[in-house]
Structures are given as C-alpha cells and as structure tokens.
Amino acid sequence: MSHALVDAPSTAPDRPTRSPAARALALWQSAGPVAVFVVLLILVAIVQPPFVTGGGLRILAVQATPIMLVALGQAMVLHVGSIDLSNAAIAILSAIVLAKALGPLGAAAPLLCLVLLTAVGAVNGLLVAFAQVPSFALTLGTLGVLQAVSLVVSHASTVYATAHTGVLDFLFEIDVFGLPIAFWVAVLLALALWLLLRRTATGRAMTAVGLNETGARFAGLRTQWLRVLAFALSGAMAAVAGIMIVAQAQSASSSGLGSDLLIPAIAAAIVGGTALTGGVTNPLNVVVGALTVSLVPIGAQTIGVTSQAQSLVYGLVIVVAVALTVPRVRSIVK
Amino acid sequence: MSAATHVVPTASPRRVSPRELGEVGALVLLVVVFTALNPSTFVTLTNIRTVLDQASVPLILGVGATLVILMGSIDLSVEGVMGAAGMTFILLSDNTRKTVDLGAGAIVVALAVGLALGLLSGLLHTRLRVPSFIVTLGVWFVGLGIATLLFGESVIPFLPDGGIKAWPSHHPLGVPNSFLLALVIVVAGLLVARFTTLGRMAYAIGGDEQVARDNGLAVDRYKVLVFVVAGGCGAVAGILATMQLGAGSATVGVGNLFTTIAAVVIGGTSLGGGRGGIHRTVVGVLLLVVLQNGLVLSGVSPNVQSAVSGAVLIVAVAAAAWPLRDRLRIVT
C-alpha cells in the first residue's frame with residue numbers, strides 16, 4: 001500500500017506484474033530531471049569548457065538558491081493539489097522586513113521573518129481549506145495584497161540593511177565544496193522535505209490528499225489541516241528565500257533582486273517532475289529543477305546567444321524540459 | 001473539482017441568476033460611492049471615456065481568456081502574445097524608424113503572429129500532453145522573445161502623431177473607438193460561445209472532458225481552436241495597446257495577465273471549467289477598471305491599488321464559495 005502511494009500513482013498497484021514500459025516510465029520519472037540538467041550542462045561545457053572549471057558552477061548555485069527555496073515551497077503546495085501564486089511575493093516581503101529589522105533586532109530578525117511569513121502562508125492555507133476558495137484565485141488575490149504591503153512597508157524604494165549585516169555574511173561568503181553555504185542550506189531543507197514526504201505519516205497523508213482527496217477524507221485524514229501545513233511550509237520556504245536575498249544584496253526592494261521569482265520557481269518545481277495535479281513530488285528533483293531553470297539563462301549567455309533571444313530560448317527550453325519530465329499520471333490533461 | 005456538480009448550461013442565458021446580480025450590484029455600488037466621493041470628476045463625459053478606453057484591452061483579452069478557462073485550461077501567454085503582435089504591427093506600420101509601411105497589412109500580419117502563437121500553445125498542449133499552465137507559460141516567454149528580437153538594438157519606434165495613434169481615443173460615435181472595437185469582439189465572443197460548435201465544445205470540455213471524449217467529440221481539435229482564438233484576442237489587444245502607447249515595446253502587455261484572470265474569476269467563471277461566460281467577465285473587467293479609476297480620482301496612493309484589486313478578488317471568490325461550503329466538498 002505504501003509503495004503504491006509513493007511510487008506508483010496509477011490506478012492499479014500491480015507492482016510485481018508491471019510491464020517493462022511502466023518500469024521504464026517510473027525510472028524516467030525519478031531520473032528524468034537529473035538527465036535533462038546533465039545534458040544541458042554538458043552542452044554548455046562542450047561549447048564553453050571554462051564554464052565548468054572557472055567558477056560558473058558557483059554562479060549557478062548562487063542564482064539557483066532563492067529560486068530553489070521558493071520552488072520547494074511551491075512543490076509542497078502542488079503536492080496537495082493546490083497552487084500558491086503568492087509565495088514569491090512572500091519572499092520579497094520577507095526580504096524587506098528583514099532589511100528593516102536587521103538593524104534594531106540583529107540575529108533575531110531572521111527568526112521574526114520566518115515566524116511572520118510562515119503565518120502569512122498559513123493564512124492562505126486556512127482560507128483555502130475553510131472558506132473553500134480555490135487556491136489559484138485566492139493566492140492571486142493575496143499576491144496583489146502582499147505586493148501592496150511590500151510597497152507600503154518599503155515606501156516603494158530600496159531598503160538597505162543598516163547594521164548587523166555580518167549575521168548573514170557566512171551564507172554567501174563561506175564555501176563548502178566550492179559552493180556557498182546558502183546553497184547547501186537550501187539542499188538540506190530539500191532533504192528535510194523529502195524525509196517528511198517519504199518517511200513520516202504526515203507526509204504520506206499529504207501524498208494521499210494529492211492523489212485522491214476524497215479517498216483521503218473518507219479514510220479519516222484531516223485533509224484541511226494537511227493543506228494548511230503545505231501552505232505554511234510554502235510561506236516558511238519563501239521566508240528563507242527572502243533571508244537569502246538580503247544576505248546576497250544587503251538590501252531589498254519590490255523591484256530589486258528576487259522580485260521575479262514566481263515564474264522561475266513554478267517552472268523549477270515542474271521541471272523537477274512535480275505534477276500540477278498533486279501527489280507526485282520529489283523535493284530532491286526540485287533542487288535539480290531549480291538548477292536547470294537557472295542554467296538556461298546563464299548557459300545561453302555563456303554559449304553566446306544574443307541577449308535579445310534569451311527569453312525565446314528560456315520559453316522553449318522550459319516547454320521541452322517539462323514535456324520530457326512531466327508525470328503523466330492522469331488521462332485528462334488540463 | 002467534483003465532476004458531479006458540473007452542469008453544462010442549457011438554460012437561456014437571459015435567465016439572470018442572483019449570483020450575477022451580486023457583481024452587477026457591486027459595480028453599481030462602486031459607481032454610487034465614487035460619484036459621492038468625487039461629485040465633480042467621476043461621472044463626467046471625459047472620465048467615462050477614460051474608463052471605457054482603459055477597459056478595452058482587458059475586455060478583448062477577457063473574451064479569449066474566458067473561453068480557455070471555460071474549457072478548464074488556462075492561458076498565461078497573453079503578455080507575450082501582446083508584445084509579439086504589437087511589435088510586429090508597429091514595425092510594419094508607418095513609424096519613426098522607417099522600417100516598412102504595409103498599412104492595413106501590418107494588422108493582418110500582427111494578427112497572424114498572435115494566431116500562430118495560439119496555435120503553438122494548443123498543439124504543444126494537446127500533442128505533447130503538457131498542462132496548458134506550463135505550455136502557455138513557455139509561450140509567454142517565446143512571445144516576449146519574438147518581440148525583443150524584432151525590436152533589435154535600434155532606437156524605439158514611435159507612431160507618428162494623429163492617424164492610427166489617435167484612433168483608439170477618438171469618439172465619433174460618443175464612446176472611444178477602442179471601446180467600440182472591444183464591444184464588437186465581446187459580442188462576437190458571446191455569439192461564438194452560445195451558437196457555435198466551438199463555444200458549446202468549450203463548455204462541454206470544461207464540464208467533463210472524459211465524457212466529451214467518450215462521446216466521440218474531437219476534443220483536441222477544439223482545444224487547439226480555442227487557443228488559436230485566444231491568441232487572436234491577444235494579438236488584437238497587443239495592436240490596440242501599441243496604438244494607445246504610440247510606441248513599440250516588448251512589454252506593452254505588462255500587468256494584463258493579472259487583470260484579465262482576476263476579472264474572469266471575479267465575474268464568476270469557474271477555474272475548474274464548464275461554468276460561467278463572457279458576459280460575466282465583462283462585469284468583472286468593469287468592476288476592476290472602475291475601482292482603479294475611482295481610487296485614483298479619490299487620491300488613494302498607487303502603492304495600495306494592487307491590494308484593493310486583490311482584496312476584491314478574495315472577497316468575490318469567498319462570497320461565491322460560501323453558500324457551497326460543505327464538509328465533503330473538495331476544493332484545491
């Protein structure tokens with residue numbers, strides 16, 4: 001039963017008699033996102049070998065970190081079959097609040113951000129679960145509200161962290177295995193989410209909600225609270241993304257670094273094999289998805305695509321990457 | 001979304017439900033409140049023309065977006081389609097960069113660009129079986145990329161004063177030409193939705209795609225067609241927005257995705273598909289545009305305007321969902 005929940009979201013958990021084709025599909029589902037990333041990286045490395053040897057990978061990790069964090073939160077919400085269009089706005093608000101609070105509060109400021117914006121995420125979840133409002137519409141609304149809050153709190157300008165910026169310096173200034181600590185923090189959080197989904201009853205219950213919510217509810221699971229948890233995790237991950245933005249820029253603004261995370265993060269989650277319909281999420285593949293999505297613009301620039309053509313390349317690569325990795329668990333594709 | 005609650009509307013659209021009266025009532029209330037707050041500026045001929053001119057682009061986009069959402073899909077590509085079509089239009093028209101002047105041919109080519117992008121979305125969605133959400137997200141960037149490539153590295157092309165630049169805001173029939181164009185497209189959209197196979201198929205696919213397939217309907221073909229229509233609407237909106245701006249910009253459509261989808265949802269078209277209609281989206285667009293216009297006239301800071309739109313969206317969907325609340329209802 002547990003295997004059926006986690007590995008084979010098909011209607012029949014006929015594991016022993018699975019056809020070779022089905023087994024190949026399952027293998028591709030776990031390895032596909034990695035393969036897409038590796039192929040892209042090899043393409044870039046063939047055209048521009050210095051990219052891999054000369055610090056290109058570190059730039060990639062730095063760029064991918066905030067996208068990865070927002071994407072991990074998004075993947076958790078997608079996992080229960082919802083979507084969170086507001087979580088990138090939560091990340092920017094987190095960055096602005098942190099830039100303001102770092103001076104007066106010092107090391108307590110990141111904690112404040114984490115608590116405050118996890119609560120914002122939870123409010124999204126509570127509204128979806130208990131007012132029974134579809135998440136797409138609701139979070140489109142909270143996106144508008146949060147953008148306005150960011151503009152008002154920052155007075156529509158750039159907020160510079162005045163003191164205690166040293167508290168966050170270690171995140172991007174100390175490298176482990178050639179990549180900054182901030183990147184490894186994001187990877188560890190991904191690992192934690194992977195453990196949550198694969199090794200805990202709560203995580204399994206979230207999977208059940210994503211695959212068959214009616215069934216989950218009749219099985220006695222508290223599906224509404226599991227949805228609230230997913231949105232709260234999305235808020236928490238976005239709050240950490242905001243912390244990374246300030247650690248990188250020592251400042252924050254509604255239009256500055258990290259203000260366009262929503263689309264890349266959704267793309268990262270989906271290129272990482274997450275199903276929009278729910279129940280199929282591998283946080284570790286989301287890490288790879290974020291690396292792929294970040295590699296496309298950097299790689300295009302490295303191999304000499306003119307800057308005018310970059311969004312064209314970005315759009316096409318995303319569609320192809322998703323076409324290769326999208327889990328096809330349902331016959332109807334909306 | 002449980003399929004059992006989906007009913008393909010067979011009743012006459014003239015039968016107005018109390019739900020629709022809610023939005024119309026909210027619109028009337030807004031007009032009354034803003035008239036009271038700004039007695040000398042809100043209900044003036046100039047301001048009404050401004051509101052109608054501002055509403056024209058989201059109305060045109062709303063027609064395509066509603067058809068796609070009725071089908072249970074989503075089209076995120078509007079801003080990219082607007083950019084690509086708008087840039088094609090201006091570079092083939094009489095402009096300060098002196099590229100080529102095809103006259104009305106420019107509009108035809110720009111329309112073709114929009115239809116082609118819609119076709120691309122539809123084919124990728126149905127042939128590769130990739131969710132429309134992600135396909136149209138990709139096509140959004142493809143459209144922006146086409147616009148940026150066409151723009152190149154040269155100076156900004158401007159439309160000469162007068163002529164087509166002034167056409168949208170001219171009002172020989174009392175209301176601006178831009179709004180008349182939007183009205184024509186809305187009426188055409190209503191007729192298509194009600195009386196053509198394309199429109200009925202959009203409702204049928206959104207109501208229950210499996211049932212539509214099981215009945216042997218050519219679901220994929222009509223899905224592609226609806227995306228082509230949406231691409232066409234995006235192209236018209238891009239051409240109109242470029243005329244209004246008077247200059248070529250790849251980002252001419254920025255902000256329109258949020259407004260359009262919010263208007264469709266506020267109007268009461270279900271994101272799950274099958275329920276709603278273009279007439280509802282018209283009310284949703286007018287609500288948002290009147291609200292923004294009234295807030296500006298009332299001196300509200302532009303910083304909080306997105307919060308007001310967002311709050312209206314939340315209240316509208318919460319009010320719509322409230323009577324349907326049920327312990328066993330699945331809402332994602």
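1. Contact here means heavy atoms within 4.5 Å. On that basis, chain B puts 60 residues into its contact with chain A, and chain A puts in 55 residues. Bear in mind that this is a predicted model: local features need pLDDT of at least 70, side-chain atom pairs count only at pLDDT 80 or more, and totals for chains, interfaces and linings use all residues. Residues are numbered from 1 along each chain as its sequence is written, chains are lettered from A in the order in which they are written, and side-chain values use heavy atoms, with hydrogens and water left out.

2. On to the interface area. About 4500 Å² is buried between chain B and chain A, with carbon and sulfur atoms giving 71% of that; buried area is the accessible area (1.4 Å probe) that two parts lose on being put together, summed over both. As for who contributes, α5(B) gives the most to the side of chain B that touches chain A, with 14 residues. Helices (H or I, at least four residues) and strands (E, at least two) are DSSP runs, numbered from the N terminus. By class, that side of chain B has 36 nonpolar, 15 polar and 9 charged residues, where Ala, Val, Leu, Ile, Met, Phe, Trp, Tyr, Cys and Pro count as nonpolar, Asp, Glu, Lys and Arg as charged, and the others, Gly among them, as polar.

3. Have a look at helix α2 (residues 20-47) of chain A, which bends by about 55 degrees at A:Ala31, with a proline, A:Pro33, following within four residues. The bend at a residue is the angle between axes fitted to the seven residues ending there and the seven starting there. A:Pro33 is also among the buried residues of α2(A), which include A:Gly32 and A:Phe37; buried means under 20% relative accessible area, exposed over 50%, partly exposed in between (1.4 Å probe, protein chains only). The buried residues of α2(A) pack against elements of chain A including α4 (56-79) and α14 (283-302).

4. Two backbone spots to check. A:Gln132 is not a glycine, yet has a positive phi of about 55 degrees; A:Gln132 sits in the loop between α6 (108-130) and α7 (135-153) of chain A and is buried, at 5% relative accessible area. A:Ala156 also has a positive phi, near 55 degrees, but is partly exposed at 44%.
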